[in-house]
Amino acid sequence: MDPIRIYIVGTAGSGKSTLTQAFKLWMDQQGYNAITVNLDPGVEELGYTPDVDIRDWVSVPQVMAEKGLGPNGAQIACADMAALRFPEISNVIEGFRSDYVLIDTPGQIELFAFREASAVFLNAFSSDDNVIVFVLDPTVAKTPAGLVSLLMLSSSIQFRFDTPMELVLGKCDLLEPEEAERILEHCGNTDSLLFALGDNMNMRSVAAIEFLRAMDSLGVRMVPKPVSSLEMTGLEEIYRSVQLITRGGDDLSSD
Ligand SMILES: Nc1nc2c(ncn2[C@@H]2O[C@H](COP(=O)(O)OP(=O)(O)O)[C@@H](O)[C@H]2O)c(=O)[nH]1
Ligand SMILES: [Mg+2]
């Protein structure tokens, strides 16, 4: 059976790399066979050693030096070069024959969302085996407008790739319990979120109303799973949800 590929996606600094590392540790502890893949060619300090590292094929500092590009131009060039190297990278990933592939995506979310490389990766596999785990940064999700913006961003990515997605509220250890509760309540209950946004009918609240109602009628609204990579909490819930999405809840370990 093909491995389940879990793409960890989120805004810069939301905690993607730390979650990749924590999730791998948790999977090891449970006896699940998982590998980690770093897809960020520009990262300097990762905090863990990935099993497969895009920097072995393309690296931002090297492209900056060779092509005389600045860091942003080099990031984009690298993302596009990674698409060309996809067959080799994919072969190395397949070689591990693991049940799970945890994919840490570039720090800047637009590199994942809007460059071709991620579409090449995602489309190469059956959509039944891909899941995007979208990490909500708690410092942004704390305000109602920040939360709606993140939900819009996650919808944009879901729309672009047509891949199942699980939402995660990251770094929960930094939130007061009632703050975390409020965010979860806002995600699950459109009226409470609209109420929190305020009732001044400006462009922003009309856009939010239309967006949230559209999500409601499509049935794609999601309540995030609260997670702390630091305290290793919420990882089992992500795992269960990924299993449900990809395998209808069958646990690989019971095969
Ligand atoms: N308190 C706390 N800090 C975290 C957690 N996850 C990540 N961080 C911190 O958030 C910062 C950004 O994390 P990183 O994983 O590099 O984010 P990325 O850019 O999305 O890959 C780092 O300083 C991490 O130590 C968490 O669960 N709890
Ligand atoms: Mg990172």
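Pro41 is buried, because 26 other C-beta atoms sit within 10 Å (buried takes 20 or more other C-beta atoms within 10 Å of a residue's own, with C-beta atoms placed from the backbone). Keep in mind that this is a predicted model, where local features need pLDDT of at least 70, side-chain atom pairs count only at pLDDT 80 or more, and totals for chains, interfaces and linings use all residues. Residues are numbered from 1 along each chain as its sequence is written, while chains are lettered from A and ligands numbered from 1 in the order in which they are written.

You'll find Pro41 in the loop between β2 (34-38) and β3 (52-53); strands are DSSP runs of E, at least two residues, and helices are runs of H or I, at least four, both numbered from the N terminus.

Now for strand β1 (residues 4-10): 7 of its 7 residues are buried, so the rest of the structure largely encloses it. Ile4, Ile6, Ile8 and Gly10 point one way, and Arg5, Tyr7 and Val9 the other. Its pairings (at least two DSSP bridges between strands) look like this:

| Partner of β1 | Sense | Bridges | Example pair |
|---|---|---|---|
| β4 (residues 100-104) | parallel | 5 bridges | Ile4 and Tyr100 |

Over at ligand 1, Gly15, Lys16, Ser17, Thr18 and Leu230 come nearest of the 16 residues around it (near means a C-beta atom, placed from the backbone, within 6 Å). Helix α1 (residues 16-30) gives the most to that shell, with 3 residues.

Definitions and conventions:
Buried ≥ 20, exposed ≤ 12 C-beta atoms within 10 Å, placed from the backbone.
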